[in-house]
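Dear colleague,

I am handing over the structure below, and I would be grateful if you could read the notes that follow alongside it.

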Amino acid sequence: MSSDHTYDETEGITTPTRICVVGLGYVGLPLAEAFDSVGHDVTGFDIDPEKIERLQSGIDPTGDVGDNEITDSEIEFTTDERTIERADVIIVAVPTPVDDLEKPDLGNVEQAGKMVGNQLDTGTSVVLESTVYPGATREVFVPALEDASDLQAGEEFGVGYSPERMVPGDDEHGLPNVVKIVSGLTDETRTELAELYETVVDAGIHEAPTVETAEAAKCVENTQRDLNIALINELSVACDHLDIDTQAVLEAAGTKWNFHDYRPGLVGGHCIPVDPFYLIYESEQNGFAPELIKQAREVNEFVPEHIGRLTIKALNEAGNVLQNSRVLILGLTYKPDVDDIRTSAIGGVIDTLKEYEIDIVGFDPHADNEAICEEFGVDVQEELAVEGFDGIIIGTPHSEFHGLHFGDIAHEMAENPVLVDVDGTFEESARDNGFIYRRL
């Protein structure tokens, strides 16, 4: 990689770097836009022709960057692999899910490595941003690059690992505002990449001593959150069996100066439910089973079933015949005010209710209705209508729901209406208006 680019806060890039971002999803597209905005020469590559066509038309398919920013950018969006060859730095940001057996699926990383390797020139640096287990960059990504290019990593081309840490849909924790971890196979590559990322990250750069350190750090960040949330979720289930108010317990415990403020809830998204499995996998491959991490995953995966059971108990209390009951789920995305339903944990709630032949309908002001129907197998409302429903589950408290008038809603619903408010956002309004109310 050429390291002769310079950056001045008042003037921007004076000597731009040619960057190609491979994979234009929730990670890659903001990266491409950020580098472009400060003056680098950016190409955005993706294998999805429909996505590229939308980007070329000035439409942001992720909703995170913005149509105006895409239109105003000078990014070259393409499906042509040959454009990768022109880059000084190639940043790979492809999905890394787990398979049906909860094992890491690095197929996209390997395929991207081979594709990039076919276009790789001496002196280029390649950076992987996808979440992987410790050792995967060296064991999976590098061999794919070397085999396809017939070049040697660390000598004829550089390799770095810099895990994505931005939060999609959260401007406060976007790319510029979160410290960037940067590592490389060599000290020279790490230093050069750190200088490059400094041009778009205001919060600072942390140079990890090894690639494996950076890989492990990414897994540990979300594993820690998974463990903390699992503790509170398990507490919530225990309190339910003890007939104790979980929120009252947390408020009381929270008066101690060193008590950490976590709240029970569904754990969805692309990171927290996935990253622990990467750490579990590689740890077990090396002879140690991290039982606490595994148990936390089991607890959080049980929570959707628990919410379904809370709903069933509330419907029974209301005197409903379950097979004749109708439940409306408000909010099916994995977090508020985003349109992404992938890895949303609400699916487990729906599966539990379907076992009792309960009629389920969904409504979400952000998500695509066709996608909801396909993903969860439920009917979807175009406009919110609560008439005749026996119960409502607020799965994701979108900002649009904060203006709901629960008195009017209760009046339109069936007798003894039920409200299961997963995050406890609307408790006061619901109780004041006569709902049979449940929350985690």
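Helix 5 (residues 136–149) and helix 7 (residues 211–242) pack with their axes 9 Å apart and at an angle of about 110 degrees, where axes are lines fitted to C-alpha atoms, for helices over the stretch in contact, and angles run from 0 to 180 degrees between N-to-C directions. The two helices are therefore roughly perpendicular to each other (angles under 35 degrees count as roughly parallel, over 145 as roughly antiparallel, 65 to 115 as roughly perpendicular and the rest as oblique). Ala 136, Thr 137 and Arg 138 of helix 5 make the contact with Val 211, Glu 212 and Glu 215 of helix 7, contact meaning heavy atoms within 4.5 Å. Helices (H or I, at least four residues) and strands (E, at least two) are DSSP runs, numbered from the N terminus.

Please keep in mind that this is a predicted model, in which local features need pLDDT of at least 70 and side-chain atom pairs count only at pLDDT 80 or more, while totals for chains, interfaces and linings use all residues. Residues are numbered from 1 along each chain as its sequence is written, and side-chain values use heavy atoms, with hydrogens and water left out.

Strand 9 (residues 180–184) is largely enclosed by the rest of the structure, because five of its five residues are buried (buried means under 20% relative accessible area, exposed over 50%, partly exposed in between, with a 1.4 Å probe and protein chains only). Lys 180, Val 182 and Gly 184 point one way from strand 9, whereas Ile 181 and Ser 183 point the other way. Strand 8 (residues 158–161) runs antiparallel to strand 9 and is joined to it by two bridges, with Tyr 161 having Ser 183 as its bridge partner; two strands pair if DSSP finds at least two bridges between them. Strand 9 also pairs with strand 10 (residues 205–207), in the parallel sense and over three bridges, and here Val 182 has Glu 207 as its bridge partner.

Elsewhere, six strands form an open sheet with parallel pairing, in the order 13-12-11-14-15-16. Strand 13 (379–380) and strand 16 (436–438) stand at its edges with a single partner strand each, so one side of each is left without a neighbour in the sheet. Two bridges join strand 13 to strand 12 (residues 359–363), and Val 361 stands opposite Asp 379.

As for the cysteines, the structure holds zero disulfides, a disulfide being a pair of cysteine sulfur atoms within 2.5 Å. Cys 239 counts as buried at 4% relative accessibility, whereas Cys 373, at 38%, counts as partly exposed.

With best wishes
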